[in-house]
Amino acid sequence: MGSVFGLILMVFSWVSFTFPGSNAQEGVKSAHVLDLIIRDHTFKALDKNFRTAIPQSVSLPANLSGIGIDAVRFRCGSLRRYGAHLKEFHLGTGVTVHPCIERVMLIRQNMGYNWSSIYYANYDLSGYQLVSPIVGLLAYNADEDAKSSNPFQLGIVAGETPMTIDFTNATKMNQDGVKPLCASFEGDGRMTLAKAPNPSTPLVCVAKRHGHFGLVVEYSPPDQFRNKPLSRWKVAVGSTIGAALGAFLLGLLLVAMLVRVKKRSRIVEMERRAYEEEALQVSMVGHVRAPTAPGTRTTPVIEHEYIPHHPR
């Protein structure tokens with residue numbers, strides 16, 4: 001059952017990456033899987049007359065459009081003695097490839113801005129943004145006819161002179177702007193950052209081994225906006241709006257104070273009139289004001305003399 005499921009999965013993957021109509025970018029979620037797909041297509045595309053030390057561009061299927069591939073084959077001894085130059089990559093003398101029996105195939109990748117987005121899902125790029133496409137340089141074992149039946153990845157290690165990656169023609173970034181950082185995407189999922197070794201060429205990075213590389217910048221560099229002077233019209237508009245808002249709030253405060261004072265004066269006047277026109281005398285009983293009747297002016301007397309009644 002497991003073998004049948006594996007066969008179905010292999011057929012589905014082959015169909016997904018063979019027919020141009022399939023959306024390969026949505027199906028490929030791993031950068032390593034993408035490297036394997038590029039490797040297989042590269043070895044299949046090279047002809048038997050592929051000359052040594054002569055770079056050749058490789059056309060990929062339509063479902064991998066946007067990726068630029070160049071391949072070149074070397075003898076391991078010649079690569080160590082003379083180095084190599086392949087598009088953005090320059091390998092100095094003394095570079096070694098291991099394990100290498102006789103020949104090595106170098107495959108240069110340029111993922112373009114579209115396919116480079118796959119690295120956001122495979123690496124932690126939080127706080128940084130790519131300003132160049134991801135470029136890669138990988139090595140595989142190669143036969144004499146460039147048709148290796150079992151290509152496997154080899155390791156590239158620079159000699160005393162490090163390998164350089166020139167992004168001058170690969171990035172749309174202005175060299176007078178923020179200085180980017182060189183990002184190296186390791187095979188174990190780690191991303192390492194470093195400044196360009198030469199300040200005069202900030203778009204040229206260095207590396208000691210094969211891999212994938214790119215330029216990144218921070219989302220909002222802390223010193224970029226701190227020292228940037230504000231334009232005069234922005235200052236004028238901001239000052240005008242602030243002054244108008246302050247005057248409006250001050251006016252509201254004055255109106256509220258006038259209304260409160262007027263209301264209080266009206267209450268005091270009403271209490272004064274009530275006290276002056278009251279019919280009963282008002283006296284204080286403790287802390288309470290209570291009305292009291294005034295004393296009578298004449299003493300009451302019985303109008304007719306009272307004759308008591310005696311029983312007989």
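This is a predicted model: local features need pLDDT of at least 70, side-chain atom pairs count only at pLDDT 80 or more; totals for chains, interfaces and linings use all residues.

User: What is the form of the peptide bond from H98 to P99?

Analyst: As a general idea, most residues other than glycine have a negative phi, and most peptide bonds are trans. In this chain the bond from H98 to P99 is cis, with omega near -15 degrees.

User: Which residues have a positive phi although they are not glycines?

Analyst: A53 is one of them, with a phi of about 70 degrees, and its place is the loop between α3 and β1 (56–58). K87 is another, with a phi of about 55 degrees, in the loop between β3 (84–86) and β4 (89–91). A53 counts as partly exposed because its relative accessible area is 39%, and K87 is partly exposed as well, at 48%.

User: How many helices and strands does the chain have, and what share of its residues count as buried?

Analyst: The chain has eight helices and 16 strands, and 33% of its 312 residues count as buried. Among contacts with a separation of 6 or more, 68% are between residues 24 or more positions apart.

User: Which residues touch the most other members of the largest nonpolar core?

Analyst: The general idea is that in soluble globular proteins, nonpolar side chains tend to be buried together. Here the largest nonpolar core has 32 residues, and L34, I67, M105, M111, Y119 and F185 touch the most other members. Two or more residues come from each of α3 (31–45), β2 (68–75), β6, α6 (118–122), β8 (135–141) and β11 (181–185), with α3 giving the most, five residues. Leaving out residues up to four places away in sequence, L34 touches V28, L64, I67, M111 and W115. Another core lies apart from this one, with 31 residues, including V131, L137, M173 and A207.

User: Is N110 buried or exposed, and what does its side chain approach?

Analyst: N110 lies in strand β6 (residues 103–110) and counts as buried because its relative accessibility is 15%, which is under the 20% cut-off. A polar atom of the N110 side chain lies 3.0 Å from the backbone nitrogen of G112. Beyond its neighbours within four places in sequence, N110 is in contact with G66, I67, G68, E88, P133, I134 and V135.

User: How should I read the largest pocket, and which residues lie nearest its centre?

Analyst: Rolling a probe the size of a water molecule over the atoms shows where empty space is left. The largest pocket has a volume of about 320 Å³ and is lined by 19 residues, of which D35, Y123, E186, G187 and H212 lie nearest its centre. The elements giving two or more residues to that lining are α3, α6, β11 and β14 (211–218), and α3 has the largest share, three residues. By class, the lining has five nonpolar, ten polar and four charged residues.

User: Where is Y123 placed, and which residues does it touch?

Analyst: Y123 sits in the loop between α6 and β7 (128–130) and is buried, with a relative accessible area of 11%. Not counting residues up to four places away in sequence, Y123 touches F185, E186, G187, G189, R190 and M191. A polar atom of the Y123 side chain lies 2.5 Å from the backbone oxygen of E186. Although Y123 and G189 are 66 residues apart in sequence, they are 5.8 Å apart in space, C-alpha to C-alpha.

Notes
Residues are numbered from 1 along each chain as its sequence is written. Side-chain values use heavy atoms; hydrogens and water are left out. Helices (H or I, at least four residues) and strands (E, at least two) are DSSP runs, numbered from the N terminus. Buried means under 20% relative accessible area, exposed over 50%, partly exposed in between (1.4 Å probe, protein chains only). A polar contact is a pair of N or O atoms within 3.5 Å; within protein, one must be able to donate a hydrogen and the other to accept it, and residues adjacent in sequence count only if both atoms are side-chain atoms. Contact means heavy atoms within 4.5 Å. A nonpolar core is a set of buried Ala, Val, Leu, Ile, Met, Phe, Trp, Tyr and Cys residues joined through side-chain atoms within 4.5 Å. On a 1 Å grid over the protein atoms alone, a cavity is a set of points where a 1.4 Å probe fits but cannot get out, and a pocket is an open set with protein on both sides within 12 Å along at least five of seven lines; lining residues have an atom within 4 Å of a point. Grid points are joined across faces, edges and corners, and a volume is the space filled by probe spheres set on the points. Ala, Val, Leu, Ile, Met, Phe, Trp, Tyr, Cys and Pro count as nonpolar, Asp, Glu, Lys and Arg as charged, and the others, Gly among them, as polar.
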